[in-house]
Amino acid sequence: MTNDATQSPEAVALADRLGELVARMRSAEAELGAVLVEIEQRGVMELFGYRSAARLLEHLADMPKPATERLIKRARLLNPGRNLDGSPIPALAPATGVAARAGRLSNPMIDVITSVLSQVPPEHCVSAETNLLAFAEEAGHKQVATLGARILAPDGPAPDDTEPVVPTRELFLRRKRTGIWELSGRFDDETGTRAHALLDALAERRTGDEGPDFRTAPQRYGDAFSDAVDLALNSPELPMQAGERAHVMVAVSLEDLKSGVGKATLGDTGTMSAAEARVHACDAMIIPAVLGDKSEPLNLGRLRRLISAGLRRALFLRDRGCAFPGCHRPPRHCQGHHVRHWADGGPTDLTNLVLMCAHHHRLLHRSGWEVRIAADGLPEFLPPVFIDRRRKPRRNNLHEPLPFAA
Ligand SMILES: [Zn+2]
Ligand SMILES: [Zn+2]
């Protein structure tokens, strides 16, 4: 595995400086908002002759009006207000206000939290705010929005039970000489709609601590199609072929599998890199035929890398979905990652396995992220140094039951 734990001291110092300035900018904006709310309460017209605090700021700071209005709207949710008779109104999100003034929250994060809090029943407001803020300490606003959606609808959307209509369907899938495959076809409205819904769900922008998702829409849908194929290949309902679950044969030498350098043969015609074969061989979706020095198949039984149904269930129960911090993919989208690869002698048991979605599984194999099983038996991830210089371990708390979900 590549590991960029050694970043230059220069980059680390610049990243520190950026972090410091971002915190100061956020903190200043939160205080600016608090002062504007106070001006509003004392009377903008009386004090300055302006119709609104937004107008005042627009002139004073040469800021566009939509920006000043957003700033004040946000500040009203974070700071206590006053009724016309002067009686106080508590802030919707007081703890968020404190964290904002300390420079710990981005504007999108504040907007996500206040939007959730304005929709939860008042009796859940305090605990919801505590949970969202705790999560915000280590996650991005998109992940916090995911948690927020679960707080608002713990049971998820209602199931879709529409029936397919009489079908007319054609599909063409061809491999070109370059090794690129082309897919085209014609489908009835029902199938098209369902395929669209399936791919839409899988093509969502990724959440997770690895940073923003810069893929184009066609790239996201291409990845979604690949995920859908993996999901279908993993389904217990898949028809048997010659007494076995359908699978793709990969042939790779043990040496290449260990080093991750070299090429592997995929199916009858294709090739893939040995590094990619190493990711696939980590779980059991693509079954590698591991070849010895003279290209003879090695005794696969001895390696015992396949994850048994019982072990997979135990892994599902322990990790409840992709264990990568901030990922919400459920267990059926996941593979078992060997913390220490079986090709390097790692055992196939709970102390050496972590449940991960295909994307985060690949990310882990290719990037500076590392995973380990902590003393309490649960997986934790060490971010690469460019994300967190101290490499403080992170966990995924999205799969845990919510404190007030009945
Ligand atoms: Zn793996
Ligand atoms: Zn994931």
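Arg-17 and Glu-20 both belong to helix α1 (residues 9–42), where three residues, about one turn of the helix, separate them. Helices here are DSSP runs of H or I with at least four residues and strands are runs of E with at least two, numbered from the N terminus. The model is predicted, so that local features need pLDDT of at least 70 and side-chain atom pairs count only at pLDDT 80 or more, while totals for chains, interfaces and linings use all residues. Residues are numbered from 1 along each chain as its sequence is written, chains are lettered from A and ligands numbered from 1 in the order in which they are written, and side-chain values use heavy atoms, with hydrogens and water left out.

Arg-17 and Glu-20 are joined by a salt bridge, with 3.6 Å between the closest N and O atoms; the term denotes a side-chain nitrogen of Lys or Arg within 4 Å of a carboxyl oxygen of Asp or Glu. Arg-17 is partly exposed because its relative accessibility is 44%, and Glu-20 is likewise partly exposed at 44%. In this classification, buried means under 20% relative accessible area, exposed means over 50%, and partly exposed lies in between (1.4 Å probe, protein chains only). The structure holds 23 salt bridges.

The protein chain contains 15 helices and 14 strands. Of its 406 residues, 37% are buried. Contacts (heavy atoms within 4.5 Å) between residues at least 6 apart in sequence join residues at least 24 apart in 54% of cases. The accessible surface amounts to about 23700 Å², and carbon and sulfur atoms account for 57% of this area; areas were computed by the Shrake-Rupley method with a 1.4 Å probe, and for residues only the protein chains shown count as cover.

The zinc ion (ligand 2) is coordinated at 2.0 to 2.4 Å by SG of Cys-322, SG of Cys-327, SG of Cys-357 and ND1 of His-360. Donors are N, O and S atoms within 2.8 Å of the metal (3.2 Å for Na, K and Ca); water is not among the atoms, so sites may look incomplete. The arrangement is tetrahedral because the four donor atoms subtend angles of 98 to 118°, the criterion for four donors being that all angles lie between 85 and 135 degrees. The donor residues follow the spacing C-x4-C-x29-C-x2-H. Cys-322 is buried, at 0% relative accessible area, and Cys-327 is also buried, at 4%.

Arg-320 lies in the loop between α14 (309–319) and β11 (334–338). The phi of Arg-320 is positive, near 60°, although the residue is not glycine; with a relative accessible area of 43%, Arg-320 is partly exposed. Arg-318 and Asp-319 form a salt bridge with an N to O distance of 2.8 Å, and both residues are buried.

Strands β13 (residues 370–373) and β14 (residues 379–382) pair in the antiparallel sense over four bridges, where pairing requires that DSSP find at least two bridges between two strands. The two strands form a hairpin with five residues between them, and Gly-377 in the turn has a positive phi of about 85°. Ile-373 stands opposite Pro-379 in β14. A salt bridge of 2.8 Å, N to O, connects the side chains of Arg-372 and Glu-380. Arg-372 is partly exposed at 36% relative accessibility, whereas Glu-380 is buried at 10%. Salt bridges with shared partners join Arg-372, Asp-376, Glu-380 and Arg-395 into one network.

Terms used. Four donors count as tetrahedral if all angles lie between 85 and 135 degrees; four count as square planar and six as octahedral if opposite donors are over 155 degrees apart and all others between 65 and 115; anything else is irregular.
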